[in-house]
Amino acid sequence: MESNRLYNLLVPIISVLLGLLFGAIIMLLFGYNPITGYVALWNGAFGDLYFAGETIVKVTPYILSGLAVAFAFRTGLFNIGVEGQVFVGWLASVWVGTALQLPMIIHLPLAILAAAVAGGLWGFVPGFLKAKFGVHEVIVSIMMNYIALYTCNAIIRNVLTDSADKTDRIAETASLSSPWLTELTFSRLHYGILIALLGAFLMWFILEKTTKGYELRSVGFNQHASQYAGMNVKSNIVLSFIISGGFAGVAGAMQGLGTFQFMSVHSGFTNIGFDGIAVALLGGNTAIGSVLAAFLFGTLKVGALNMPSAGVPEELVDIVVALIIFFVASGYIIRWVLNRMQKEGK
Amino acid sequence: MDYVIEMLNIRKEFPGIVANNNVNLQVKPGEIHALLGENGAGKSTLMNVLFGLYQPEQGEIKVKGETVNITNPNVANELGIGMVHQHFMLVDTFTVTENIILGMEPTKKGTVNVAKAEKEVKEISERYGLKVDPSAKIQDISVGMQQRVEILKTLYRGADILIFDEPTAVLTPQEISELMDIMGTLVKEGKSIILITHKLKEIMEVCDRCTVIRKGEGIGTVNVADTSTNELASLMVGREVSFETEKRPAEPKDDVLTIQNLQVKDARQINMVKGLNLQVRAGEIVGIAGVDGNGQSELIEAIAGLRNVESGSITLNGKEITNLSPRKVTESGVAHIPQDRHKYGLVLDFPIGENMVLQTYYQQPYSKKGVLRYKEIYKKAKSLIEEFDVRTPNEYTLARSLSGGNQQKAIIGRELDRSPDLLIAAQPTRGLDVGAIEFIHQRLIEARDSGKAVLLLSFELDEIMNVSDRIAVMFDGQVVANVLPHETTEQELGLLMAGSKRKVGEQ
C-alpha cells in the first residue's frame, strides 16, 4: 500500500524530469545551450513579479479544465468536450458581465454561476444522450466543441455587438481583477486563482465525502454493481457530465471575468479544454494532482515565451511539454523499471 | 532418481503475510500428484515459485535430482516444466498451430513454416489422444478444446512435468471426464502431473498422491488409495467437515414471497419466464433446481427489480413489489446474493469496507445530510468482517485483492446484516472450497431458523438436496414440480429438470 503511494508520487516526478532531460538533449542536438534555455524558461515564469503573475493567470483556467476532465474520468466518463464548455462558460460570464448593472456582491457570483450553468448545460447534452440512448460521449462532446465555437462567434457578432469581433468590456462589478494585484505585479493577475483552488476543494469534497460522490465513483467503477445496489446509473452519468461541464464553464469565466474582461471572436480552439485532458492525466485524476499539474503546464507555457531571448526557439518548449506528457502516458514503463530496480535491490 | 520435482522447506513471504512456510512437495515420475488447499492457502504461490515467477526466501528446489535456481519462467521451460493456466493465454483470432508456436516459430527463409509446425502439432496431438484440429481458429472451438491447446503448447515446448491450475473450473462434466482420460494418457507416456485443485472428487478419481497446504503451511502428503474424501477435507480445512448439512426440520410460517403468473423477457426480448407461480414462506429454504437457461436468472433479476416484469405479480408480505426499482425492493426487505459476485456483488476497486454499505450508504448512521461518515462505515465493516470471518489484512483492502470465498462471505455478511425478510441466494457457493461452502450453508440455515424466507438458486444438485426444505423444479420458464428433498432422488430431479412429467400417483 505504502509503496503504491510512493509510486503514484514518483512516476509523475520522474516523467517530468525525463521530459526535461530529453528536451535538453534535443536542444543540444540543434546546437542550443540547454542550461541557458532552461534558465530563460525559469526566469520567464518566475523571474519577477510580472512573470509570476502571468504564470498564475495561465494556471487558473488549467486547474479548472483539468478538474472538469478528472471529475468525469473518476466516474468512468471521458469528457472531451471541455473545450466547448469553456467557450460557452466564457460567453455566459461576459454576457452577464456586460448586460447587467448590479452591485458586485451579486453581479460577480451571478456571472460565475452563469458560466457554470452554461458549461453544465453543454455537458448535459452528451451525458443525456449517453444515458438515454447509449451514444458514445466522446463523439457527441467533440461535436459539441465545434457547435460551441461557432455559436459563440455568431452570438458575439450578431447579438452582443453589431458585427464587431469582440464584446464590450464587462462591468467593474463583475470583474475578478483587482487594482491592488495589478499595481503589485503589473500583470493581468486576478482573484480567479482562489476560485480555481476552491473548485479543487469542491471536487475533492464531492467525490470523497458525499453520498453523491460515493455513487458517482461506484458507477464509474462498476455500473452493474451500482444498479444492483439501487443507484440510478443513468442519472449519475448525466449528473457527472453536468458537474464536469460546470467546472469547465467556470474555467471560461476565468478568461472572461479575469484575464481578458471581454470575449473576442475565435478562429479556432483555445486549447484550454484539450490541455485539461493532459493536466488531469498528469495529476492522476485527483483534485490536488490537477492543481499541481496545472501549475507545471502554466509554468512551461508562460516561461516558453521567454526562451527566444536565450536564442532557443519557442517551439522547442512545445516539444518538451509533449515529451513530458509522453512519459506520463507511458508511466507503465517507469513503473516497470522501478519494479525491476526494487527486485534487484533485494 | 526417486523424484522429478522436489521442493523442500519452501518459505515465501510477501509484505505482512507468509504465503508459504515449511512446504514440501515431492513428485514421483509418472504420477498425478494433487496439490490440495482452500482458496488462498498458498497453492498458486508455491507453483509460481516452481515456475520461476517468485523467488523463495528459504528452501531448495531439485529437478530430476539436481538443485536448481529457477529465476524466471524461461528457466522453468528449459527444465521441462510447463504450466496449463486456469485462464487461457490464447490469441482468439489465431489458429491452434499459430498459438502453439507463438514465440518459437519454426522458420523457412525468414517466413513462418506453418506446414511443418502443423505436422508436428498433429503428431503430438495424436500421440496423447488430444484430438485437436491444428488449423481451427481458437474463437471457433470449445473451452475444453482451448484447454487442450494449452496442454499442447506445453508439450510442444518439450515439457515433461505439467502443472494444471484448477483445470476443471471452466469445464462441463463431460469435458471433465475427457480431461481425466487425457491426464491418464499423459502419465502413461511418461509425463508427470501436478494438479492444483480443491475438488476432492477429482483427486480420488485420478490422483496417486496428494500434498495438502493449509494457510500457507505444508500439512503433509498422503497416498490417495489409503485415504477418503472426509480425511482429505479435514486435512485441508483443519477440522472435521460435514458434507451432510445438519439442520432441524423447517417450521414454515406465513407466505413471504408470492409470485403469480409471472412473465419476464430477457435482453433479447425472448420470453424466459412463462407464467410462473412460486411461494416462499418465512422459515423455509426453497431451492430452485433446473438446467441453466430455463429462466432462473430472469426470475431472480425480476424479483430484485433488475429486470422488467411483463405481467403477473410479485408480492412481499402481501405488498406488491412488481417492477419497483432495485432500491425500493431492497428497502422493502429483500436481500440478494447475486450470481456473479464480481459483476454485481461488489465494486472491486472500492475498499472492502466501502463495499459493506453499498445499499445503505445514504442512510443513518453511514451518512448525515449527504455527507459520508467513514468512521461509522468502517466500524460497521470491521464488525461484519469479524462476524463473518472475512479473511483480509484490514477493512481498507480493495475488494479485488480478496479471495473468492472471502468476497462471498463479505457479501453474505452485508446482505444478512440488513435483516431482510427474504434472502435470495443465487449460486452462493460457486467456485468456493469445501470450508467456505460449509460456512455459507450454515449461514443460510441460520437465516432460515431466524424466520427469514430463503430462495436458493443452484445448479449443484448436491447443494439443492442438502440445503433446501422444499425444491421447486424449473423447466422452460415455469415451476414444473414442487418436491421435498427426502422424498426424491437426484435421478428423479434430473428427469424433472429435463422436462419429463411426473407420473401420476408417485407423490
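Trainee: In what sense do strand S23 (residues 470–475) of chain B and S24(B) pair?
Mentor: This is a predicted model: local features need pLDDT of at least 70, side-chain atom pairs count only at pLDDT 80 or more, and totals for chains, interfaces and linings use all residues. Residues are numbered from 1 along each chain as its sequence is written; chains are lettered from A and ligands numbered from 1 in the order in which they are written. Strands pair if DSSP finds at least two bridges between them. S23(B) and S24(B) have five bridges, and their sense is antiparallel.

Trainee: Which residue in S24(B) stands opposite Ile471(B)?
Mentor: Strands (E, at least two residues) and helices (H or I, at least four) are DSSP runs, numbered from the N terminus. The residue in S24(B) across from Ile471(B) is Val483(B).

Trainee: Which are the edge strands of the six-stranded open sheet of chain B?
Mentor: The order is S18-S21-S22-S15-S23-S24, with mixed pairing. An edge strand pairs on one side only. In chain B these are strand S18 (334–337) and strand S24 (478–483).

Trainee: By how much are neighbouring strands of this sheet turned against each other on average?
Mentor: Angles rest on axes, which are lines fitted to C-alpha atoms, for helices over the stretch in contact; between N-to-C directions they run from 0 to 180 degrees. For this average, direction is ignored. The turn is 20°.

Trainee: What angle does helix H15 (residues 434–449) of chain B make with S22(B)?
Mentor: Residues are in contact if their C-beta atoms, placed from the backbone, lie within 7 Å. H15(B) packs on the sheet and touches strands S15, S21 and S22 of chain B. Its direction and that of S22(B) make about 150°.

Trainee: How do H14(B) and H15(B) lie to each other, roughly parallel or roughly antiparallel?
Mentor: Helix H14 (residues 404–417) of chain B packs on H15(B) at about 10°, with the axes 10 Å apart. Angles under 35 degrees count as roughly parallel, over 145 as roughly antiparallel, 65 to 115 as roughly perpendicular and the rest as oblique. So H14(B) and H15(B) are roughly parallel.

Trainee: How many nonpolar residues has the contact of H14(B) with H15(B)?
Mentor: Ala, Val, Leu, Ile, Met, Phe, Trp, Tyr, Cys and Pro count as nonpolar, Asp, Glu, Lys and Arg as charged, and the others, Gly among them, as polar. Ile412(B) and Phe439(B) are among the residues making the contact. Two residues are polar, two are charged, and the nonpolar ones number six.

Trainee: Which strand does S13(B) join by eight bridges?
Mentor: Strand S13 (residues 255–265) of chain B belongs to an open antiparallel sheet in the order S14-S13-S16-S17. Asp255(B) stands opposite Arg281(B). The eight bridges join S13(B) to S14(B).

Trainee: Which helix gives the most to the side of chain A that touches chain B?
Mentor: The contact takes 14 residues from chain A and 22 from chain B. Helices H9 (211–221) and H10 (223–228) of chain A each supply at least two residues of the chain A side. The most, five residues, come from H9(A).

Trainee: What distance separates the centres of domain 1 and domain 2 of chain B?
Mentor: Domain bounds come from an automatic or database domain assignment. In chain B, domain 1 covers 5–237 and domain 2 covers 253–328 + 460–501. Taken over C-alpha atoms, their centres are separated by 40 Å.

Technical notes:
Contact = placed C-beta atoms within 7 Å.
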